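Hello, and welcome to a short tour of a protein chain. Take a moment to look around before reading the questions and answers.

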Amino acid sequence: MYIPLRQSGVSDPDILYASYKLVYGQEILGSDLEKDQILCEFRKRRKLDRIEIHINDHCNLSCANCSMFAGLVDGEVNADFERTKKALLRLKEIYYHICEIDLIGGEPLLNQQLGEYCTLLRQLFPDAYIFIVSNGILVPQMDKKLIGIIQKMIFTLV
C-alpha cells in the first residue's frame with residue numbers, strides 16, 4: 001500500500017503504520033510493548049508483525065484448490081538460498097524484531113536446504129515465532145538431522 005500512496009503524491013509523514021494491537025485489539029505473538037509504537041510513520045517502524053518466506057514452488061500433492069498453484073509446477077523449483085539470505089540480512093538491518101516468520105511453499109519439507117533456512121532465521125531473529133507451513137504428509141519421512149535442527153531451534157510445524 002505504501003508505494004501506491006507515494007505514487008499518488010502522499011508524503012512519508014502522512015503514511016502511518018498502525019500496530020497489530022491497535023488494528024485488531026489484541027497482542028500478536030512476540031509483541032514487546034516497551035519497544036512497540038502503537039502508531040508511527042510507516043517508514044520509521046522498526047518491527048514487523050509477520051512475514052512469509054516462499055522457499056519452493058513444488059509440492060508432493062496436486063490439490064485442486066491450492067492457492068499457491070503448487071500442483072502445476074513440474075520438477076523441483078526452490079528459492080535461491082543465498083539470495084534469500086542476502087535479503088534477510090538486509091531486513092535485519094532495518095527491523096529489530098519480526099514477531100512471526102512463516103516458511104511456505106509448495107511444500108517446504110521438499111526443500112533440501114530447509115535446515116539452513118531454520119538455522120539462519122533463528123540466528124537473525126532469535127525471538128521470532130517461526131512456523132513451517134506444511135501439509136504434514138512428509139513428516140514421518142523427515143531426516144533425523146532436520147528433525148534435530150527443528151527441535152533445537154524450537155520451531156513449530158503447522
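Q: Does E52 count as buried, partly exposed or exposed?
A: Buried means under 20% relative accessible area, exposed means over 50%, and partly exposed lies in between (1.4 Å probe, protein chains only). The relative accessibility of E52 is 46%. E52 therefore counts as partly exposed.

Q: What kind of model is this, and how are its residues numbered?
A: Residues are numbered from 1 along each chain as its sequence is written, and side-chain values use heavy atoms, with hydrogens and water left out. Local features need pLDDT of at least 70, side-chain atom pairs count only at pLDDT 80 or more, and totals for chains, interfaces and linings use all residues, since the model is a predicted one.

Q: With which residue does E52 form a salt bridge?
A: A salt bridge is a side-chain nitrogen of Lys or Arg within 4 Å of a carboxyl oxygen of Asp or Glu. For E52, the closest N and O atoms of the pair are 2.9 Å apart. The partner of E52 is R50.

Q: Which residues are linked with R50 in a network of salt bridges?
A: R50 is partly exposed, with a relative accessible area of 42%, whereas D102 is buried at 4% relative accessibility. Both belong to the network. The residues linked with R50 are E52, E100 and D102.

Q: How many salt bridges are there by this rule?
A: One of them joins K47 to D49, with the closest N and O atoms 3.5 Å apart. Both K47 and D49 are buried. The count of salt bridges comes to 7.

Q: How many bridges join strand 3 to strand 4?
A: Two strands pair if DSSP finds at least two bridges between them. Strand 3 and strand 4 run parallel, and L48 stands opposite I98 in strand 4. The number of bridges joining the two strands is 7.

Q: Why is strand 4 largely enclosed by the rest of the structure?
A: The answer comes from counting buried residues. Strand 4 is largely enclosed because its buried residues number 8 of the 8.

Q: Against which elements do the buried residues of helix 4 pack?
A: Helix 4 is mostly covered, with 8 of its 11 residues buried. Among them are L114, Y117 and L121. The elements they pack against are strand 3, helix 3, strand 4, strand 5 and helix 5.

Q: With which residues is L88 in contact, leaving aside its neighbours within four places in sequence?
A: Contact means heavy atoms within 4.5 Å. L88 is one of the core residues that touch the most other members. Its contacts, with those neighbours left aside, are I53, L120, L121, L124 and F125.

Q: Which side chain has a polar contact of 2.9 Å with the side chain of E107?
A: E107 lies in the loop between strand 4 and helix 4, and E107 is buried yet has no salt bridge. A polar contact is a pair of N or O atoms within 3.5 Å; within protein, one must be able to donate a hydrogen and the other to accept it, and residues adjacent in sequence count only if both atoms are side-chain atoms. A polar atom of the E107 side chain also lies 3.0 Å from the backbone nitrogen of N135. The side chain at 2.9 Å is that of S134.

Q: Is Q141 buried or exposed?
A: Q141 is in the loop between strand 5 and helix 5. Its relative accessibility is 61%, so Q141 counts as exposed.

Technical notes:
Helix = DSSP H or I, 4+ residues; strand = E, 2+ residues; numbered from the N terminus. Lys, Arg positive; Asp, Glu negative; His and termini not counted. Core = buried A, V, L, I, M, F, W, Y, C linked by side-chain atoms within 4.5 Å.
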